[in-house]
Amino acid sequence: MFFTDIFCHPLWAALSALLALVVRLQRRAIWDPQACSVRLRGKTAIVTGANTGIGKFIALDFARRGARVILACRSEPRGTAALNEIKQATGNADIHLRIVDLSSMDSVRAFAKRILEEEKALHILVNNAAVSGLPRQMTKDGFEASFATNHLGPFLLTNLLLDLVKRSAPARIVTVSSLNHKRGKVDFSHFHGQNLVYCMDQVYNHTKLHNIICTNELAQRLQGTGVTANSVHPGVVMTEVMRHYPFWVRYPFNLIGFFFFKSPEEGAVSPIYCAVSEELEGVTGKYFDSDCALVLPAPLARDAALAVKDFEFCEKLTSKL
């Protein structure tokens, strides 16, 4: 009875509310996008997965800075809604929607073809879109669906647009990865759906490791071009990335997340930092955490020989299609 009295006491509720407030304040990143005066007028940016979550807030920031922003989305209705919202919020009419399904290499090629036909420059490419918790699925290209969406699609898209990005230098490529890459493994059979365990976020973790490995190798190949490529962890963020998980996982995640996890707007801060901050001019092949700090990724992500092998493997997979 004594413990029940404590938990029901008004002082307990007040202290809990105070703790929740302190925790929420601690989530704020050191770098503040609103304090950054960088303008992007005359610049073109592409953000994948820009209709919701982190991607939408990244696109919103670019639009506020005056950029021509292309929302690369899979859903036309949701993409249109985001487009209208960003235009209304920023007053920037130079916002455009282009449809792409990153799990389909045909869709990626069609998207890239249209961009190359319509755009004269591309200064910022943010590979943000990702899925987690998908059951075992294979795409028509013969790839495991999460690997296609999270890695092969963005990998192919980046390489198809690379000449345009080079001609637009100085330019930046930002890959949204995850701290979870440290729990990932490299097994090239994974790309074809083999030797995978579909438990919680295990498949997602593998794809996020490949993101960093190939981004680092891309940075090496881009040396001297004026184009930088970096990876970033946005933090643990309350987004729709959990929509494929069962209710018993999503409910506690959302409940705990209200106090401890970042909002999509907060999660967008570190990718925006990598895309626009003046202090990162010329910085490439690095990994940044959710507080915009330069940190070391997992040892596998720093293996230069593995990076070459991984990059060439992905080139072969996507060049066949």
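A residue is called buried when its relative accessible area is under 20%. In this predicted model, that word applies to every residue of strand 4, which covers residues 124-127.

**Strand 4 and its neighbours**

- Strand 1 (residues 44-48) runs parallel to strand 4, and three bridges join the two.
- Within this pairing, V47 has V126 of strand 4 as its bridge partner.
- Strand 5 (residues 171-176) also runs parallel to strand 4, to which it is joined by four bridges.
- In strand 5, the residue opposite L125 is I173.
- To get from strand 4 to strand 5, the chain passes through helix 6 (residues 145-167), and this β-α-β crossover is right-handed.

**Aromatic rings**

- The whole structure contains six aromatic pairs.
- W31 and Y273 make an edge-to-face pair, because their ring centres are 5.3 Å apart and their planes stand at 65 degrees, where the cut-off for edge-to-face is over 60.
- W31 belongs to the loop between helix 2 (10-26) and strand 1, and Y273 belongs to helix 10 (residues 269-276), so this pair ties together parts that are 242 residues apart in sequence.
- W31 and Y273 are both buried.
- F155 and F311 form another edge-to-face pair, with 4.9 Å from centre to centre and 65 degrees between the planes.
- F155 sits in helix 6 and F311 in helix 11 (residues 304-319), so the pair ties together parts that are 156 residues apart in sequence.
- Both F155 and F311 are buried.
- One aromatic cluster is made up of F147, F188, F191 and F313.

**Confidence of the prediction**

- The average pLDDT of the chain is 88, and 82% of the residues score at least 70.
- Residues 22-26 have a pLDDT below 50, and this stretch has four contacts in the model beyond near neighbours in sequence.
- Where pLDDT is low, predicted coordinates should not be read in detail.

Definitions and conventions. Residues numbered from 1 in each chain as written. Predicted model: local features only at pLDDT ≥ 70, side-chain atom pairs only at ≥ 80, totals over all residues. Heavy atoms only, no water. Buried < 20%, exposed > 50% of the residue type's maximum accessible area, 1.4 Å probe, protein only. Pairing = 2+ DSSP bridges. Right-handed = clockwise from strand over helix to strand, strands pointing away. pLDDT = per-residue confidence, 0-100. Contact = heavy atoms within 4.5 Å. Phe/Tyr/Trp six-rings, centres within 6.5 Å; stacked < 30°, edge-to-face > 60°.
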